[in-house]
Amino acid sequence: MAGMLIYSPGLTINNIKQVINETIETNILRKPAPTRLRELIRQIRACRTAAEERAVVNTECAYIRSTFRETDCIWKCRNMAKLLYIHMLGYPAHFGQVECLKLAASAKYTDKRIGYLGAMLLLDERTDVHVLLTNCLKNDLNSPTQFVVGTALCTLAAIASPEMARDLCNDVERLIVSTNAFLRKKAILCAFRFVRRVPELMEDYLPKCEVFLADKNHGILIATITLITEMCEQSGPVLRYFKSIIPTLVRMLKSLTVTGYSPEHLVSGVSDPFLQVKILRLLRVLGHGDATQSEIMNDVLAQVATSTETSKNAGNAILYETVLTIMNVESENSLRVLAVNILGRFLLNNDKNIRFIGLLTLVKTVHKDMTAVQRHRITILECLSDGDPSIQRCAMELSFTLINTQNIEMVVRELLRYLESTDAEMKALCSSKIVLAAETYSPSIRWHLDVLLRILTIAGNNIRDDVISSTIQLISNSPQHEQRFITDKMWEAIMNMNQLENRQPLVQVAVWTIGEYGESGGFDEFELIEHYRQLLWAPQLSITTKQYILVSLAKISVRIDGCTPEIQNIINAFRVHMNIDLQQRANEFSQLFTNYKHLRTSLLEKMPKLKLSELTTSEYNADFASGESSEVEQQQQEEPEPAPEPSNQDILLDLLGECFSSDGNGNNALAVVPVSQPAAPQSYLQTSFNQTGLSTMNNYNNNGPMAPGTDSFLDLLGLAAANQTQPSQQQTIDYTPATIPAIEVYHKDDIHIRFLVHPQQTTVHDREAPSTTPARITVQTTNGSQATIEKFLFQAAVPKAFVLTLREPSGTVMPPGGTIMQDLLIARQAGQSGGAAGGLRMKVRFSYEVENYSMMEQIDVNEFPSGFLR
């Protein structure tokens with residue numbers, strides 16, 4: 001053993017101790033030393049198959065588990081390091097949780113460090129072991145060694161639960177004012193975790209943060225600004241409190257940009273980009289919606305945007321944050337143009353990551369300055385041919401927002417080129433959006449028909465059903481010469497049998513067109529019938545396509561003379577087809593050729609022009625929506641509604657409990673809004689509830705009969721009885737609140753829902769019973785993601801002591817950064833006092849689709865302002 005301890009300059013005290021321990025373990029205790037972490041990594045990387053890797057991991061885990069049972073093992077630290085590596089590979093490592101606590105409680109710093117690291121990786125709030133760590137952390141926060149205290153603060157900042165935050169907040173508050181900058185920085189970051197988990201603790205840190213902003217240590221400045229940003233995002237009063245520090249932040253940012261505030265923090269020639277990014281983010285939060293404070297930032301934002309070096313990623317990161325700040329505060333128009341130009345330069349960068357960031361930011365901010373973004377339209381369209389699919393997708397979404405009457409032809413030409421090379425999923429989405437754009441901005445019917453034909457040809461079987469219906473509607477409403485043109489084009493498109501298997505929607509539209517307008521086509525009728533025969537017996541075509549062909553063939557018999565016997569023979573061959581639908585159609589058409597010849601011409605005459613209904617923008621995209629309802633929708637509204645059937649509404653009521661069930665009159669407390677467009681375009685404010693709340697429905701009752709189906713809809717909402725007893729005219733007393741209180745209902749997965757609670761209106765009629773006065777709540781839903789949210793549906797239920805109705809939402813589709821507004825009208829049932837029935841509670845459920853995935857959430861809302869509907 002003495003020979004092993006020959007002095008070497010590379011040996012340290014820790015190395016010497018390790019050699020001694022290994023020697024004792026192997027030579028005295030006769031136990032082999034465990035595999036080192038480096039050797040385990042080498043063994044796992046040498047595995048050729050997943051089975052070999054599992055075998056190595058299972059063997060090592062079995063050994064580690066056996067050493068944890070020993071009380072005198074000196075290799076616990078090494079074994080825990082290997083277990084954490086195994087955990088990082090995705091294998092279960094929960095059996096090491098208790099061992100983490102033992103190592104964290106060790107007096108040796110090397111054991112304590114690996115123990116806390118294991119606690120951060122293996123523990124969470126759902127495990128009981130997590131609670132046992134509190135006492136160990138409290139002891140280490142009072143340690144005289146700064147490294148032990150720093151390790152404890154790091155662990156606390158990573159895994160602190162609300163209970164742990166409340167227990168240890170005094171210790172962290174003591175360390176925040178420490179003279180040791182190392183500990184103070186970690187304590188501030190720990191306070192950031194506390195504020196995020198327990199927002200009521202933020203009051204303890206408000207005065208200290210202002211003092212820390214005068215510190216010269218950049219680490220403390222970054223930590224402090226991070227803490228202030230979190231507090232401002234969580235609390236409106238705190239946000240107003242910190243608006244006074246904007247001049248300080250502006251001076252700090254200007255010093256970093258111009259004078260080189262701290263040369264020792266240079267990164268790629270940029271003075272502390274980390275601090276600059278944090279300052280810009282805080283300015284973005286403080287200046288949002290405040291023109292006065294935004295004016296203070298304009299000069300420094302322009303300075304940062306024009307003087308930052310763009311050759312390195314550090315400078316690009318600062319420019320990115322600068323652009324977001326300019327677009328989110330009330331900045332000048334010239335600054336917005338400058339920000340868009342910066343993003344335009346991002347699109348020309350060779351780095352794909354920077355190009356993607358530029359496109360993604362343009363998608364978020366395009367609605368702020370459309371004119372400035374239009375200047376970069378050519379560059380955006382060039383990104384459609386990029387090799388990266390993420391860049392292609394962002395460029396596609398941005399291209400659709402730029403379409404207008406002037407550029408529709410050029411943009412659609414590039415989008416069709418992109419459609420040829422993209423994958424199946426994107427073909428479905430892109431083709432539907434092109435159809436919507438063409439319907440809205442088409443310069444001519446001929447161009448519109450040509451675009452739809454190209455979509456059917458390029459996208460093939462990957463298109464949605466709306467493209468087929470839209471094409472048929474357009475052909476039906478086209479002039480006769482355009483119908484002749486598209487009939488010839490369709491015939492040419494289906495001549496090649498080899499490509500029709502992957503273009504069945506094209507075949508369906510083509511045979512429908514030929515069946516309706518075949519007499520105007522310039523083709524040989526015998527060639528046409530023979531081609532139809534090949535199509536019907538082609539095994540690669542679907543049953544749905546053959547249904548179209550069979551109907552089209554029957555119609556051709558009255559469009560083109562001289563080919564009726566051939567058509568009858570083909571149809572008769574399908575009378576014994578294996579598919580029951582084709583067999584039924586063939587038998588019915590066969591009767592028209594034999595027993596009912598006199599009816600064949602009238603039954604197979606041309607279909608009347610199809611009503612041009614809007615493609616439902618609630619399904620796909622809100623960029624090309626129209627404000628007027630179609631005639632088809634109006635006709636559907638005039639028809640009586642069928643009897644209600646069990647649906648998701650009943651499921652929601654089952655979940656709500658007894659107090660949310662139907663009342664004694666059979667009225668349902670659940671309010672559901674039908675997804676339909678208003679009859680005439682109105683602004684959202686014009687369609688909001690008035691002071692009396694239900695006067696719109698009363699006007700229908702007083703001035704004329706209500707539309708069929710209205711009573712059943714009111715029964716569904718529980719408003720039928722309340723609506724009949726509502727007085728026709730009431731004198732209102734104006735009341736203008738200083739502010740409208742807001743309730744944060746939901747903020748998760750980039751969906752932000754707030755309730756804007758409008759003050760209750762008091763009327764002369766209701767002075768004696770103010771509790772029955774209806775109140776209005778505006779639901780504000782914001783999409784904070786980069787994807788378009790479609791089919792958004794908001795539902796709500798209240799106890800049966802209340803009456804709830806929902807107005808039409810401002811839309812059902814939210815583009816990135818978009819908002820949907822919707823009014824709720826709530827009144828207490830007559831005879832229900834506030835004390836007897838209790839305060840207002842609400843169950844909320846909302847559903848939506850994002851990128852073809854359906855999502856649904858249900859939440860409780862109980863924190864209404866005191867005195868609301870009491």
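**Close-up views: a helix pair and an open sheet**

**View 1. Helix α24 passes helix α26 in a left-handed crossing.** In such a crossing the near helix is turned anticlockwise from the far one by less than a right angle; clockwise would be right-handed. The model is predicted: local features need pLDDT of at least 70, side-chain atom pairs count only at pLDDT 80 or more, and totals for chains, interfaces and linings use all residues. Residues are numbered from 1 along each chain as its sequence is written, and side-chain values use heavy atoms, without hydrogens and water.

**View 2. α24 (residues 424-441) packs with α26 (residues 465-476) at about 30 degrees, axes 9 Å apart.** This angle makes α24 roughly parallel to α26 (under 35 degrees; over 145 is roughly antiparallel, 65 to 115 roughly perpendicular, the rest oblique). Axes are lines fitted to C-alpha atoms, for helices over the stretch in contact; angles run from 0 to 180 degrees between N-to-C directions. Helices are DSSP runs of H or I, at least four residues; strands are runs of E, at least two; both are numbered from the N terminus.

**View 3. Ser431, Ser432, Val435 and Glu439 of α24 meet Asp466, Val467 and Ser470 of α26.** Contact means heavy atoms within 4.5 Å. The contact residues comprise 2 nonpolar, 3 polar and 2 charged (nonpolar: Ala, Val, Leu, Ile, Met, Phe, Trp, Tyr, Cys, Pro; charged: Asp, Glu, Lys, Arg; polar: the others, Gly among them).

**View 4. Five strands form an open sheet in the order β4-β5-β6-β9-β8, with antiparallel pairing.** Edge strands β4 (742-748) and β8 (802-806) each pair on one side only. Pairing requires at least two DSSP bridges between two strands. Neighbouring strands are turned by 20 degrees on average, direction ignored.

**View 5. β8 and β9 (residues 819-828) run antiparallel, joined by 5 bridges.** Thr805 has Leu825 in β9 as its bridge partner.
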